[in-house]
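Me: I have a model open and want to learn how to read it. Please take me through the features one at a time.

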Amino acid sequence: MNGVATAFADGSVIAKRNLLKITRIPDLLVGTLISPIMFILLFGYVFGGAIGVSGGNYREFLVPGIFAQTVIFGATITGAGIADDMQKGIIERFRSLPMTQSSVLAGRTASDVVLNVIVTVIMSLTGLLIGWRIRTSFLDAVVGYALLLLFAYAVSWVMGLLGLLIRTPEAFNNLTFLTIFPLTFITNAFVPLETFPGPLKVIAQWNPVSTLVQAARERFGNVPPGTELGTWSLQNSELYTLLWIVGTLVVFVPLATRQYRRAAAR
């Protein structure tokens, strides 16, 4: 029990350090906020008139998709921050301190969840301004937000492992841009799945980001009437998404922790 308490205390200190960094370098937060607001406004006003959603409001269809894309991109901050710490030798300093090794990754991922909460609040307010509404109960909305944040937390551990392997923020950012963009665009986040051609439609239907978006829309009451749910993954979007979250954490938490120990031992 003492070991768990110590790890939690050490992780809290690391999380606080990362959050303080944001207050001292506000550009980090401003840049993270501008992108989702820009996407909401661009897609809502510029592209919204050209993208039809049968029987539904495109802006209500859009906002949960922007939520999912943004929290996933927010999770990449974990890897970029770790790669930056590796490059600057800060990980070596952590190694010299009397602290549990797992606390560095735990604190880093926890602080990025806090950052995602802040970004989600700002996005929600922006969505309300353009006409998005939550049509369900308060509890449903809380579950919808929780799914988004849990998914992002799981992705943070993947990004943490990549940050330890790649080791430079520039290379990490290039790699994640090339992988996260297709992962979030070959989905139902911006357009209905029935508009996709055959092979891409199958990929999108089983893409966990699509099921995350579908689960969020259901919890927020933003599913357009007649939405096609032809696969088990979409018909059971919450279960499928939770399976991905649990599976990702089970695989990548120990992998990232082991890689951190190797990196710190160099």
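Reply: Start with burial. Buried means under 20% relative accessible area, exposed means over 50%, and partly exposed lies in between (1.4 Å probe, protein chains only). Asp 140 has 22% relative accessibility, so Asp 140 counts as partly exposed. Buried residues make up 46% of the 266 residues in the protein chain.

Me: What should I know about the model and its numbering?

Reply: This is a predicted model: local features need pLDDT of at least 70, side-chain atom pairs count only at pLDDT 80 or more, and totals for chains, interfaces and linings use all residues. Residues are numbered from 1 along each chain as its sequence is written, and side-chain values use heavy atoms, with hydrogens and water left out.

Me: How many helices and strands are in the protein chain?

Reply: Helices (H or I, at least four residues) and strands (E, at least two) are DSSP runs, numbered from the N terminus. Here the protein chain has 11 helices and 0 strands.

Me: How do I read a salt bridge?

Reply: Side chains of opposite charge can pair when their charged atoms come close. The cut-off: a side-chain nitrogen of Lys or Arg within 4 Å of a carboxyl oxygen of Asp or Glu. A search of the whole structure finds 4 salt bridges. One of them joins the side chains of Glu 60 and Arg 135 (2.4 Å, N to O). Glu 60 lies in helix α3 and Arg 135 in the loop between α5 and α6, so the pair ties together parts that are 75 residues apart in sequence.

Me: Are Glu 60 and Arg 135 buried or exposed?

Reply: Glu 60 counts as buried, because its relative accessibility is 9%. Arg 135 counts as exposed, because its value is 54%.

Me: What is a nonpolar core, and which residues touch the most other members of the largest one?

Reply: A nonpolar core is a set of buried Ala, Val, Leu, Ile, Met, Phe, Trp, Tyr and Cys residues joined through side-chain atoms within 4.5 Å. The largest has 40 residues, and Tyr 58 and Leu 148 touch the most other members. The elements that give two or more residues are α2 (27-47), α3 (58-88), α5 (102-129), α6 (138-166), α7 (169-185) and α9 (208-220). The most come from α3, with 11 residues. A second, separate core of 14 residues includes Ile 91, Val 104, Ala 256 and Ala 263.

Me: And pockets?

Reply: On a 1 Å grid over the protein atoms alone, a pocket is an open set of points where a 1.4 Å probe fits, with protein on both sides within 12 Å along at least five of seven lines; lining residues have an atom within 4 Å of a point. Among those lining the second largest pocket are Phe 151, Met 159, Pro 208 and Trp 244. α6 gives the most to this lining, with 5 residues.
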